[in-house]
Amino acid sequence: MASGIRDKVAILGMGCTRFGERWNEGPEDLMVEAFDEALADAGIERSLIQAAWFGSCFDDVNVGKSALPLSLSLRLPNIAVTRVENFCASGTEAFRGAVYAVASGAYDVVLALGAEKLKDIGYGGLPEFSSAMGTLNYLWFPNVTAPGSFAMLASSYSARYNIPMDEIKRAMTHISVKSHANGTKNPKAHLRKAVSDDQVMNAPMIAYPLGLFDCCGVSDGAACAIVTTPEIAKSLGKKDLVTVKALQLALSNGTELAYDWDGAHFVTTTKASTEAYKEAGVTDPRQEISMMEVHDCFSITELITMEDLHISKRGQGPKDILDGFYDADGQVPCQIDGGLKCFGHPIGASGIRMVYEMYLQLLGRAGERQLKDPRLGLTHNLGGLPIMNVCSIAILGKYCA
Amino acid sequence: MIGITSYGGYIPRLRLSRMVIIQNMAWYFPVIMAVSQGEKSVANWDEDAVSMAVAAAWDCMTGQDRQRLDAVYLASTTLPFADRLNAGILAAALNAPEEGVVNADFGSCQKAGTTAAITALEALASGQKQSILVAASDQRRAKLATMQEMFIGDGAAALLMGKEDVIASYLGSHSINCDFIDHYKGCGHAYDYNWEERWVRDEGYGKIIPQAIAGFLKKTGLSIKDFARVIYPCYFSGTHKAIAKTIGADPAVVHGNLHEVCGDTGTAHSLVMLVSALEDAQPGDKLLVAGFGQGCDVLGFEATDKLAAFKGPRGIKGSLSQRVEMPNYQKFAKFRDLITADLGIRGEANPNTSLTALWRRKKMILALAGCKCRKCGTAQFPPLPVCVKPECLGKEFDEYEFADKQGSILMFTGDLLSPSVDPPAVYGMVAFDGGGRTMLDFTDCNLNQITVGMKVKMSFRRRYADQMRGFTGYFWKAVPQIEG
């Protein structure tokens, strides 16, 4: 009988680059920067690393295919390196690969590294996807962009709960204002300026009803984790251990697109969060989860995700958001590091960046933005489009806590 | 009896007032002010001769059996493919039979529409065919500030020809074929080259049409006075009137050239006018229709008693009444690719079209055919090997057509980041009446008028034009029914 991942794997060390427009660094520089920090944090010889998982998404416009970019950049000693890609869940997938490799007993110490170099394409936003969607989809699928595909949710959410678009827009605005405020306290964040409600509300439209400030930063960056078993971590002299409490993945099977869906929730997140709470032994997430880093690629995504994570009741997300429930001083701070919105979103790195923030917070190392005694942190990624996506969720906490 | 058994029409909803052209371009060529009356129809940026033909053909096939078609003819001088049967795209969009049919394109001259009609009627008369669809469509481009820009409009018409339930019986035809070149368009050239208007009017339209009509009357033993409607093209309105006098027709029975409501729709125009006339015809009315171009075709029809009970589709009148003014001349010029606007680097992506994937999925792509699970009855799109209903997992399906289904909007957006000729790119999810849902581009709509729950109809559109390889890709889009 499977027993889940809870407390089987500990984080030995983590690293994360400054995210942003890193015009003068290539993906290899970013990978080395994140890795050097993680190795120093772990305090081990690099020769202890027996295998690695590498996450990147838009491989053809940045790092290139295969896991070789990681092996070559770090000059790894001819060990096993696997590249994973699962849209915006790619970073968490790399982490999952490494964690499961340790949990299986196949390896003692494993590296997970996610990297993305998005600012080499010559235009804003994510790389265009038409050539990456497959030959059949190219023949019929609407010419969607990321903001457009998520923006649609606002119309169906508004219709489903009969909440006027103006009120949804106010809640979305608060989401972005809050994340910008959090981002000012993070020296590694891409966007570090506070913004006002008026700035957000009056920003140019990108995809109705999402304006510029409803969209996250598109950034370069890398993040990594070195993982091992709690026993080995202790034997290496680590005292405060952060362990993985849950690690879940859920994928769409086409029902949202082609069978039945209200367009006001994420089927995958609803499922993955339920499984994650079960795996972590969480029974009342609104009370038990101390903090979250969710996939706020767009403000509407964060709004709806609050309900899919079973923290806000259905239809009550906007109210909780406007009440400040998810603010830095609220009951469940969300995006305390600035989120994708302000920390930035180098896709392959994002999932590990979220784990990095939970790790820092749990160890009391988050500096100016440190929360008081967090117990459990949740990270969430949503890759793809609302109508068909990949959701990953991780829950992290202190060992034996 | 052979003749017309159904008709359909399509005039795109966008109308460009000729005063808008004049306001923008008369500084360059003031002569265009002479024909400033009314407005011309303008195809949307995602329409072309094939997509408009599909719209007219679907209109014509409303309530008709598409499986009985044994030929599909498409007439146009602006077909997107020089070598790929354009009528085959039309037939595929109708989900018409492939086996035992003879489909064909008719082109290269403005009378190709009437020539296709005569060919169809003669094939029926020979006994070799039972049911033939004839569609004619044109979407011509003209240089800025030309008489052609003023005269031409976009549109399509379709006639179903057969032997049963004939609504207008065929009385015969007569043609003149001669190499009179009022204008021409060389292969690979974008625009027509036009000869002097006075010569075209007096020696072309003014002489050849009367000569052909005289020949037709002599051959059939009919008199021009026998006809309740006399239809011939001529975008010079003065010459159009003068021809009536030459042939001795009462001006009251001469069908107008539609200059003021849509302009001259080229190869489609004679059939567009014929459909418009059929919409008003009474049983017993005789109709004469001529097509002009390197000669002249003349055909006669007589409305039967069946016409009285014939429930007309949208047709030409319905299309003409669904109009939206296009006040922006630059937008018109961009839609016809007469000016260059930047799509940005994001707009450069240009994968080729997988012809193998298109062949495997031709019904899905061209006919919007999905499937219905034999186990649970769920209609679904796209058709995939395993039923989409959770826990059903059925693997046996019947084909299920979505092209003629209405749906309602579940969610939508207007995307300004997506590269589009007409931003924002509006798209969303649609749930079909009777089951099935999918995500589609929306067209012929204004973002500000769309709401969740609004009804949509399906429309076959150009999805992309791959300029590098010369390939045009088509798929279906949702048209929000803004007027309810």
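This is a predicted model: local features need pLDDT of at least 70, side-chain atom pairs count only at pLDDT 80 or more; totals for chains, interfaces and linings use all residues.

I looked up burial along α2(B) first: A49(B), V50(B), S51(B), M52(B), A53(B), V54(B), A55(B), A56(B), A57(B), W58(B), D59(B) and C60(B) are buried (20 or more other C-beta atoms within 10 Å of a residue's own, C-beta atoms placed from the backbone). That is 12 of its 12 residues. Residues are numbered from 1 along each chain as written, and chains are lettered from A in the order written.

Next I checked the span of α2(B), residues 49-60: 16 Å from first C-alpha to last, close to the 16 Å expected (1.5 Å times one less than the number of residues). Helices here are DSSP runs of H or I, at least four residues, and strands are E runs of at least two, numbered from the N terminus.

Then α6(B) against α7(B): they pack at about 35°, axes 10 Å apart (lines fitted to C-alpha atoms over the stretch in contact, angles from 0 to 180 degrees between N-to-C directions). Among the residues making the contact are Y205(B) and I209(B) of α6(B), and A242(B) and I243(B) of α7(B).

Last, the interface: 40 residues of chain B are in contact with 34 of chain A (C-beta atoms, placed from the backbone, within 7 Å). I found that β18(B) gives the largest share of chain B's side, six residues.

Conventions
Two residues are in contact if their C-beta atoms, placed from the backbone, lie within 7 Å.
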